[in-house]
Number of protein chains: 2
Amino acid sequence: MTNAASKITLHLVASLDGIIAKKDNSVSWFETADIYEKGATVTEQDAAAFLKMIDCYVMGSHTYEHALELSKSYGWAYGDTPTIVLSKRNLALERNSVEVFAGDLNTLVNERLKPSYKNVWVVGGAELVKNFIRHQLADEIRLSIVPIILGDGLHLFDQTLPEQSLRLKDLTAYKNGMVEMVYEIKK
Amino acid sequence: MTNAASKITLHLVASLDGIIAKKDNSVSWFETADIYEKGATVTEQDAAAFLKMIDCYVMGSHTYEHALELSKSYGWAYGDTPTIVLSKRNLALERNSVEVFAGDLNTLVNERLKPSYKNVWVVGGAELVKNFIRHQLADEIRLSIVPIILGDGLHLFDQTLPEQSLRLKDLTAYKNGMVEMVYEIKK
């Protein structure tokens with residue numbers, strides 16, 4: 001039984017040239033020296049209220065392992081919010097909020113996510129995101145563009161996706177030069 | 001002698017997945033069915049006034065040949081504005097406003113463009129645009145994103161570019177769902 005009020009958002013941060021990860025997995029390029037005067041500012045309260053609306057995170061196993069690695073320096077990014085890792089591998093689970101789902105994507109969406117969660121965020125990696133687009137299982141793409149060209153790294157998009165119409169829902173520029181585009185994935 | 005007041009803008013239209021041309025060269029994907037209510041509208045007068053500020057277009061030979069082909073259906077897109085085609089090939093020149101420049105990019109910029117023009121637009125293709133970025137010969141990138149994922153086609157960016165910091169200068173969403181980002185290329 002699916003729940004029509006449930007929304008699945010693909011959340012991505014990329015360079016202008018569409019790269020979501022550097023080869024060495026470093027994340028310092030997220031912080032640029034740019035200042036965009038006309039941009040919006042986000043207070044800690046705004047950010048906390050926004051994150052509170054997300055009731056489930058979904059990620060692939062490599063993204064999970066990278067998040068675990070980053071958590072040693074910056075803390076676990078997803079709080080106590082239920083986090084589902086899509087993987088057939090036997091992963092080290094260090095937190096009660098994290099579970100592994102070993103089934104296929106369609107089952108995950110229709111039997112696990114839609115009946116239980118209203119606001120699901122898929123946070124990567126590229127393969128998982130492309131599978132959501134390919135099988136039209138996501139409702140929204142939220143892409144934040146960092147003001148940099150990286151040149152070398154993991155490209156989010158490749159030639160394997162089918163043509164897909166989008167509808168621009170929202171656009172925001174932030175003080176740090178980040179541009180956030182929100183698109184509905186038309187079905 | 002270079003002219004500091006001269007500005008070179010790389011002007012590009014791409015899908016969300018960074019594709020600037022379909023394999024069959026069709027351009028109908030530029031026109032989407034999207035309507036973004038909050039978007040800006042551009043009157044014909046606005047557009048004409050804006051285009052009037054551009055005093056030189058630069059393009060590669062394939063882009064020129066494609067523009068000639070399109071001109072049979074839609075008219076020549078660049079009016080009487082001086083248009084320089086960078087090519088070592090012997091091209092058919094059908095208009096007085098078009099000239100071919102067979103030298104290198106550095107010479108084109110410093111000896112031909114900067115002394116003569118204030119507002120130069122480089123309109124493609126991908127190789128020429130990447131060469132401008134690679135050699136830091138452009139001042140600005142103006143990238144318009146059409147609300148579509150194409151999947152297959154010619155990607156603007158590839159792994160051959162060096163890392164390049166940008167500064168967001170302007171961001172506009174239009175009524176047709178197009179998002180226009182303007183970045184300064186930091187030197």
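**A first walk-through**

Analyst: B:Gly125 sits in the loop between S6 and helix H4 (126-134) of chain B. Helices (H or I, at least four residues) and strands (E, at least two) are DSSP runs, numbered from the N terminus. This is a predicted model, where local features need pLDDT of at least 70, side-chain atom pairs count only at pLDDT 80 or more, and totals for chains, interfaces and linings use all residues. Residues are numbered from 1 along each chain as its sequence is written, and chains are lettered from A and ligands numbered from 1 in the order in which they are written.

User: OK, what's with the peptide bond from B:Gly124 to B:Gly125?

Analyst: That bond is cis, with omega near 5°. Chain A has a cis bond from A:Gly124 to A:Gly125, with omega near 0°. A:Gly125 is in the loop between strand S6 (119-122) and helix H4 (126-134) of chain A.

User: What rotation superposes chain A on chain B?

Analyst: A rotation of 180°, with 0.0 Å of shift along its axis, and the RMSD is 0.0 Å. That is how a two-fold axis relates things. In chain A, the C-alpha nearest the axis belongs to A:Gly18, 3.6 Å from it. The superposition is by least squares on the C-alpha atoms of residues with pLDDT of at least 70 in both copies.

User: In which sense do S10(A) and strand S8 of chain B pair?

Analyst: Antiparallel, over two bridges, with S8 of chain B covering residues 148-149. A:Gln164 stands opposite B:Ile149 in S8(B). Two strands count as paired if DSSP finds at least two bridges between them.

User: Nice. What order do the nine strands of the open sheet come in?

Analyst: The order is S8(A)-S10(B)-S11(B)-S7(B)-S1(B)-S6(B)-S3(B)-S4(B)-S5(B), with mixed pairing. S8 of chain A and strand S5 (98-101) of chain B stand at the edges, each with a single partner strand, so one side of each has no neighbour in the sheet.

User: Which way do S1(B) and S7(B) pair, parallel or antiparallel?

Analyst: Parallel, over seven bridges, and B:Leu10 has B:Ile141 as its bridge partner in S7(B). Strand S1 (residues 7-15) of chain B also pairs with S6(B) in the parallel sense, over four bridges.

User: What lies across S3 and strand S4 of chain B?

Analyst: Helix H2 (residues 61-74) of chain B, at about 105° to S3(B). Axes are lines fitted to C-alpha atoms, for helices over the stretch in contact, and angles run from 0 to 180 degrees between N-to-C directions.

User: Changing topic: which residues have the most contacts inside the largest nonpolar core?

Analyst: A:Val122 and B:Val122, in a core of 98 residues. Such a core is a set of buried Ala, Val, Leu, Ile, Met, Phe, Trp, Tyr and Cys residues joined through C-beta atoms within 7 Å. A residue is buried if 20 or more other C-beta atoms lie within 10 Å of its own, exposed if 12 or fewer, and partly exposed in between, with C-beta atoms placed from the backbone. Leaving aside neighbours within four places in sequence, the contacts of A:Val122 include A:Ile8, A:Leu10, A:Val58 and A:Phe132.

User: Last one: is A:Asn25 buried or exposed?

Analyst: Exposed, with 12 C-beta neighbours inside 10 Å. Phi of A:Asn25 is near 65°, a positive value in a residue other than glycine.

Conventions:
Contact = placed C-beta atoms within 7 Å.
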